[in-house]
Amino acid sequence: MKIVGKKFPRKAISVLFVGLNRLISAFLAIFLVCSLAGCGPPSGSGAASPALKTFHFAMDQAPTTLDPVQGANIYANFVIVNAYDTLYSYQYLARPYLLKPNLAVDFPTVSADGLIYTFRLKKGVRFIDDPCFPGGRGREVVAEDFIYSIKRQFDPENQPQGAWLWQGRITGLDEWKAAGSDYAQPVSGLRAIDEHTLEIRLTRPYPQLTATLAQGYSALVPREAVEKYGKGLGVRPVGSGPFRLVSYDTARVVMERNPNYRQEPVDLAAEGYNPATQKFSGVEAIQGRSPPFIDRLEFNFINESSASWSSFTKGDEVQLTVLPIEQIDRVLASKRPVTLRPEYAAKYHVYGGLEAGFVFTAFNMDYPEFGYNPDPERERRNQALRCAMLKGYDWEARNHSWYFGLGEYFPGIIVPASPEFDPALSRASVTRDVAGARKLLKDNGWTPDNLPTIVYGTTAGTTERLFFEQFRAWMRDIGFPRAKVVQKTYANFGDISRAWKRSQLPLVAKGWGLDYPDAENTLQLFYGPNASPGSNDANWKNPEYDRLYEESSVLQPSPERTALYHRMNQIVLDDCVAITGISRTRIYLWHKNVIAVPDREILGGFWLKYVDLKPEPANIPALVKGG
Amino acid sequence: MNAVTLPLTAPNRASGESLWHKAARKFGRDRLGMLALGVVLAYFLVALGAWLGWWAGGWADLTGTKWEPVSSAHWFGTNIIGQDIFDRAVFSTATAFEVGLSVALAATFIGAVFGAFAGFFVGSWIDEFLLWCMGVLDAIPFYLFVAAVAYALTDNPWAMQVAMIATFWVGTGRLIRGEVIKLRGMEYVEAAHSIGVSELAIIFRHILPNTGHILLVQASITFVSAIKAEVILSFLGLGIKDGMSWGLMIDESTKEVLAGFYNNFLAASLLMFGLVMAFNAVADALQDALDPRKVG
């Protein structure tokens, strides 16, 4: 049992502590006697409810909404997939990541031409009890809920951010939107054959469709909740996931176990368990048991990594954190493989791996200063300007400064975690060449006087300010006056994310985590029709690229498709539309009483329902013995 | 018959020496005060050099690699991205003086004018209104007020200074009000009234100059408060937007200290400590020197 309480400085209040200890001991003794003598509450009333199993963990940003229709970032998704159900999720322990049915009974049956998908939904799954339902009791989840939820992504009133996943893919859906998003009208490509059978008809083959249904965007939302709460749904999720929301603010999200969550005992083999690499985590303890195993889930949003680390090492606060880079030399015994120094290894588990994503800086081509320009000559010079900025960027220094050399920087937008990554691609675009950059600027008529002002947007924070100062120094090296590289700060990630979506920032410096293990997921970031508010924050529109994207998007994984991916990657590089990129190594540490294999890559927040906590018997004897 | 009290700027006929001369003489005899003044002047010269571009111009440049130790090339080492900590610390001295001087001058000026009006028209609606303003500003927690101003003046580099000026003038205003209430009853003011001098002229030409000793001390106290507040606000992300300050350096050091690298923290803290201590000593010495009740 875990005793919840704050630790006090021993010296300062030792006298008080002795007295308090005696008081507690006396109270416990009276309580024990009363319990044995039967003077407690009537049996069956839960005389002393057992301590709640609460898992606290730290994330670096807070979500700005919990509505799946706007769940555009990993922070929102972590909560959404635990409050709502998606048709598919990922096997908890399988690496590389593998899809598995979640609310769906099994994988869909697909017609021979790849255009018709049929899904079967589990029966008897209920939404949580909520006043939005008649009598306050959650009703059963049905296929119509899925159709309604996807329609919401195509209703402009919701300011949806996930439509890009299905735009132009599902028959009749774009037309439904064009006709005014009337929910009473059907969509020809979305049909509920019966309450538990769903049919999706596609305009063209979409091999990633099933993977998109493991996204928080596709989470099943009950219509009753939307009609009752409207925009309030963003702070009051009503789903059928393993947890239900207790509270939500910018400091933390607290969720509690959904008591009506379906009983599905864990089969570790089916979850991809690998004893050789995962036995240390103790996950064998959850074999055959039905999640969730914890009573409360507490997401603590701590922007500063040092604060997160302090909370983690304190012992009785957050139990899982990402290792702050400034602690790497102090905590790790070795970087490859990642191992802890003995004093940390005694207390914590560790896991380190290259992220399934990358960090990059895209040029917003909507800005005529360096993007599209009505004057073709200026547009040509703008391309040279962008290419010069690429040459001036110092990936080696960035990796050394911020990732202790643990990151992997690479050319283009196909990340190392993608099966289609090309290790043989020329590294010229990630090799600093200041002289080449200066020459390029000079040859194209750029001088310190006529260079445009570059606005570099970041969230507020020390690290972000230093990112900016580093970037500004690199740009100064290639000829930018200091006053022409300026920082614009946003209070939090949600604010800057909105600015990207509204095309309000000329430079988009961001990270992207793969939604599914397929390079298509990063290539779509530059697909023309995905322009803002879609995922193409660069607002780049290249006909050849778009054509290749459309051609590849209907192909199953194959060398032919990979070749198309590589050509698209090269077009991005040639047009210098982004300074890209680096995949960071993320190192997780968690307390040894936590049974988990944490992840924030493709798996997202799905693993949280499998977290369990070992009992901590040491706390009780300590109190009882005191005095 | 009331005793005649002479204005402070008039020569003290008994000793034949004005208050200012006497104060200068007293200050000159205060060895700690003189030493502190020397330190402040040294800081000022450092700031002046940074303003004129004589040194610390490379505070934003990447002149080394990550966390270099102290060396002849980098006297205080380098930070996480390879910037020279000495240059940044020196440049921050200029920032401290910019903030300190601008806030001290503006807040003292506003405090003097509003305080003088409130005191001169004591009991009138002007006095009531100004007292109400002072009360309201005193009631708002300073850092919340700064945050609100910073939000209202989004991206304005002067947001922090505006917030400081808007609150720091109150203390000066109250002191000047009290002093002016005392002065307005003096015979030389009544004499000015009787010969038809306008009220504004009485305030600005005859009364305010006689509060100079208070204003000087208040300005020095405000200067120190502004520097300290700037460091705290910059640390909290509400201060300097584009530039460098000791507060930002201390903010940077929060991560570095955890990694065992203390150069940023020590450089900024010690330099700030030196200036604040010296200026406090100067303010104390000024207060002693200008206090007519103290024998010297």
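Visitor: How many residues of chain A are in contact with chain B, and how many of chain B with chain A?

Guide: In this predicted model, 19 residues of chain A are in contact with 17 residues of chain B.

Visitor: Which elements of chain A supply that side?

Guide: At least two residues each come from α8 (305–314), α9 (328–331), α12 (395–403), α14 (462–478) and β18 (485–490) of chain A, and α14(A) gives the most, with 6 residues.

Visitor: And how do the residues on that side divide into nonpolar, polar and charged?

Guide: On the side of chain A that touches chain B there are 5 nonpolar, 7 polar and 7 charged residues.

Visitor: Switching to chain A as a whole, what is its secondary structure?

Guide: Chain A has 19 helices and 23 strands, and its C-alpha trace spans about 95 × 65 × 45 Å along the principal axes.

Visitor: What does its radius of gyration agree with?

Guide: The radius of gyration of chain A is 27 Å, which agrees with the value near 25 Å that a compact globule of 627 residues would have. Of those 627 residues, 45% count as buried, and among contacts in chain A with a separation of 6 or more, 68% are between residues 24 or more positions apart.

Visitor: OK, helix α3 of chain A, residues 143–152: how many of its residues are buried?

Guide: In α3(A), 8 of the 10 residues are buried, so the helix is largely enclosed by the rest of the structure. The buried residues are Ala143(A), Asp145(A), Phe146(A), Ile147(A), Ser149(A), Ile150(A), Lys151(A) and Arg152(A).

Visitor: What covers them?

Guide: The cover over the buried residues of α3(A) includes the strands β6 (190–194) and β7 (197–201) of chain A.

Visitor: What about the largest nonpolar core, which residues have the most contacts inside it?

Guide: That core has 254 residues, and Phe526(A) and Val577(A) are those with the most contacts inside it. Helix α3 of chain B, residues 85–120, gives the most to this core, with 18 residues. As a general point, nonpolar side chains in soluble globular proteins tend to be buried together.

Visitor: Which residues does Val577(A) touch?

Guide: Leaving aside residues up to four places away in sequence, Val577(A) touches Ala362(A), Phe363(A), Met365(A), Phe526(A), Ala538(A), Trp540(A) and Val572(A).

Visitor: Over to chain B, at what angle do α7 and α8 pack?

Guide: Helix α7 (residues 187–194) and helix α8 (residues 199–207) of chain B pack at about 145°, with their axes 11 Å apart, and the crossing is right-handed. Tyr188(B), Val189(B), Ala192(B) and His193(B) of α7(B) meet Ile202(B), His206(B) and Ile207(B) of α8(B), a contact made up of 5 nonpolar and 2 polar residues, with no charged ones.

Terms used
Residues numbered from 1 in each chain as written. Chains lettered and ligands numbered in written order. Predicted model: local features only at pLDDT ≥ 70, side-chain atom pairs only at ≥ 80, totals over all residues. Helix = DSSP H or I, 4+ residues; strand = E, 2+ residues; numbered from the N terminus. Rg over C-alpha atoms; globule rule 2.2 N^0.38 Å. Buried ≥ 20, exposed ≤ 12 C-beta atoms within 10 Å, placed from the backbone. Contact = placed C-beta atoms within 7 Å. Nonpolar A, V, L, I, M, F, W, Y, C, P; charged D, E, K, R; others polar. Core = buried A, V, L, I, M, F, W, Y, C linked by C-beta atoms within 7 Å. Axes fitted to C-alpha atoms, helices over the stretch in contact; angles between N-to-C directions. Left-handed = near helix turned anticlockwise from the far one by under 90°.
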